[in-house]
Amino acid sequence: MALRVFIDNVDSYAGKVISKLISSSVPGATLADIDDISEGSQADYNKNDVKDNTYEVVGTLKNEDSKKPNWIKEVVSDSNQEELLSVLKSCDIIIYNIVEDPALVDRASWAVSALHAEVESFTKMKTFICISTTMTWARTRPVDLDDPEVPFTEEDYRRRKPHQDFKAEISLEKLVIKLGKTNKDLFSTYVITSGMLYGCGESIFHYLFKTAWLNHPYLQCYGNGQNVIPTIHVKDLASIILNVMDSSPRIKYILAVDDSQSTLEEVVRAVSISLGSGKVRNVTKEEAISDKNIEKADFDKLLVNLRMESTTAKDLNIEWNAETGLVDNIEAVIREYKEERKLFPLRVFVYGPPAVGKSTIVEQLCQHYKLHHIQMSEVIHDAISELERSAARADIENEDEEDDQRAQEDQELLEALQENKEQNNGRYDDQFIVRFFRQRLKSMPCQNQGFILDGYPKLYSQAQELFAELALNQVIFASAEEEEDDPEENVPEYDTSIMPEFIVSLDASDDYLKNRVINLPEREVQGSHNTEEGLIRRLTRYRAENTEDETVLNYFDELEIHPEHFDITTDESPKSLETVKAIIKLLGEPRNYGPTAEELEEIQRREEEERELREAEEKIEREENEAREAQERAVRQAEWKLRLDEVRKQEKELIDTRSIPLRNYLMKHVMPTLSEGLIECCKCRPDDPVDFLAEFLLQNNPVID
């Protein structure tokens, strides 16, 4: 039967990595000598075993709405402690991680106490592992006051003093160690104190990576940055936990840190150089506290100053991912960060005849995907401006010889550019243009987010020089890194870091383009080359450079990057919106962080304004409808009243008409006799006038007579 492992919050940052490694590992695999394994790695050792022999992982979710990871056998709820305790008792190894969420301290304390209370009912050994934080060491006095660079080791754990906000964590550590001493044959406990975690998408250092990736001018370094931060790659932490599970070392308190002794400034600078602008700015603690991008607990962790060394980890059979630390492995960590968060650059080339609307379409695409719009005029202007700034330092005394030499080289390049421009009637040779474009496409912003090339390169030869010639350097470096046993692996014939993934060709007839220019507003035509004469000149040149047999699109076709053609003449929407939508469908979903906080706020503001406007319009429409209905109702009521009066009049006339014969009959046959009876009654004044009148009418009835 497979060994059963419980891990709390398997959907958290560290929980995912730890649970995934454990679920794919065979119990005891780390005990094997890696050098004796045929393929030379623990991972291969695991692959050679039957999958059913791996650890069986169950756990709780941090977010109950999260989907169960496919490598987890079962997800349990922590809302019912009796049911949770039953699950814990069914597991051989229980792991609680209190590094990421302080709220887990109480849950971990309950779990270890509840298990300890049930220890007499255990039929076999159970292991409880608590992953803690180095903040429980934050105020520990140095091992050697005369030499503060002497690192702490596991032997010093009894001397540790916590940060004021992490007293609950150290209390839990002591409880875990204490309860593991009462019945060592049935209940074993470990505390693994983890350095600041990095890798696999980042956690505490995420604000640094995100700020750099978003091309901020500089990264902030809190304080003077000279404090040493203990760190460990999250995969290496998982490996240490796996080794402890397999080997059950004698030492119960283990430090999980890498070999680096990097300062905060070194970490920040490494991220900035490899992912951002390369610039770092030190800010005071007071300024840092007001930073909304980082929480106070993380801020306190980044200001910790601890030199640590794990002697126990050295004795474990660990395949390190980043044994020498974050700074030395920054490139690999950045690759992990981009892959985990799916932050891949999107590279597009949009091509087409003059006046087809390339820039209008590209601007909308750049706004949608948050890409960089690469236009020739802007690229040349920025490159010249940067050369001028650099060359200006040539006249200033500079202690940095390398910087001074660069300034001299830029000054010489500027002079060559000026001479070339004068000789070519105000234009630069392709070699300079290609150089400027390479620099822009190789810049961090373009490498991070991606770019859209707007109409350049124009010629097959330009494309070949811009993309293909870089392959020479790429092949040299790639060859040096190639494994000796695979020398025939194909190396791309172009620089993959700047080669567009999508080629978009906008097609239109000459007549359409001429009509489009003729119908442009005067304000757009004035001062531009979108005049009829300018269009004819540029269009003639474009058609000459793009024949059926020779066009820049052939370059990409030959590399199996096939252009997608869009006919602009069929798009009558404003700003070619239908074409933009079609291209968006081709390119797919954005590969970025999505809207920033400011953009979200702006979106919410616009949505609120649209909602208020919509409600106002609906109110006006409702009031207009009500007024119209009231007016129609009044008209209908007036019409109904007129019809009613007419009906009443007609009814009266009908009744009057029908009553004439009856009246005539009464006047002829009834009224004379009745009148005589009444007169006679008045004369006689009988005791019963009614009976008298009835008798009189009976006796004098003219019909009877």
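A: Ile289 lies in helix α9, residues 285-289 (helices are DSSP runs of H or I, at least four residues, numbered from the N terminus). The model is predicted, so local features need pLDDT of at least 70 and side-chain atom pairs pLDDT 80 or more, while totals for chains, interfaces and linings use all residues. Residues are numbered from 1 along each chain as its sequence is written, and side-chain values use heavy atoms, without hydrogens or water.

Ile289 counts as exposed because its relative accessibility is 61% (exposed is over 50%, buried under 20%, partly exposed in between, with a 1.4 Å probe and protein chains only). Its C-alpha atom is 28 Å from that of Pro148, which is 141 residues away along the chain.

In soluble globular proteins, nonpolar side chains tend to be buried together. Here the largest nonpolar core has 72 residues, of which Phe6, Phe128, Phe205 and Phe209 touch the most other members (a core joins buried Ala, Val, Leu, Ile, Met, Phe, Trp, Tyr and Cys through side-chain atoms within 4.5 Å). Helix α4 supplies the largest share of this core, seven residues. Another core, of 38 residues, lies apart from it and includes Ile374, Phe432, Ile433 and Val552.

Helix α4 (residues 104-117) also meets helix α3 (residues 81-89): their axes come within 10 Å and cross at roughly 65° (axes are lines fitted to C-alpha atoms over the stretch in contact, and angles run from 0 to 180 degrees between N-to-C directions). Gln81, Leu84, Leu85, Leu88 and Lys89 of α3 contact Trp110, Ala111, Ala114 and Leu115 of α4, contact meaning heavy atoms within 4.5 Å.

How values were computed: Helix = DSSP H or I, 4+ residues; strand = E, 2+ residues; numbered from the N terminus.
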